Amino acid sequence: MASRIRVPESARRGEIVEIRVLIQHAMETGYRVDATGRKIPRNTIRELTCAYDGAEILRAELSSGIAANPYLRFTTVAQATGTLEFTWIDDAGVRETARHPIRVQE
């Protein structure tokens, strides 16, 4: 699965920063059928987490009500230079991880 993550390259300590995450995923609900009439199995991203230098700052439980290619936007406080690690798991058990650095200035 591909993703697009937007995090400011740098921020001042204590500044609120906006984080945007777009994950390319079909998010099949399990209700549709293919061209032969067979049910397409449910496969949605069920969990997304974001950790800032190992400390979890976001946990989202997604469901079939979320559109394909889910987009999430949230904020956090810039504390220290480090890495944001995003992990998501779908119904098929596929786990993906993406990392993005953030530089914090005094």
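## The three-stranded sheet

An open sheet in this predicted model is built from three strands in the order β1-β3-β6, with antiparallel pairing. Strands here are DSSP runs (E, at least two residues), numbered from the N terminus, and two of them pair if DSSP finds at least two bridges between them. At the edges lie β1 (3-6) and β6 (71-77), each pairing on one side only. From one strand to the next, the twist averages 15°; such angles run from 0 to 180 degrees between N-to-C directions, with axes fitted as lines to C-alpha atoms.

## Where β3 meets its partners

Let's look at β3, residues 16-23, which joins β6 through seven bridges in the antiparallel sense. Which residue of β6 is the bridge partner of Arg20? That partner is Arg73. Val21 stands opposite Leu72 of β6.

With β1, strand β3 forms four bridges, again antiparallel. Arg4 has Leu22 of β3 as its bridge partner.

## Two faces of β3

The residues of β3 divide between two faces. Val17, Ile19, Val21 and Ile23 make up the covered face, while Ile16, Glu18, Arg20 and Leu22 form the uncovered one.

## Reading the numbers

Residues are numbered from 1 along each chain as its sequence is written, and side-chain values use heavy atoms, leaving out hydrogens and water. Because this is a predicted model, local features need pLDDT of at least 70 and side-chain atom pairs count only at pLDDT 80 or more, while totals for chains, interfaces and linings use all residues.

Methods
Buried < 20%, exposed > 50% of the residue type's maximum accessible area, 1.4 Å probe, protein only.
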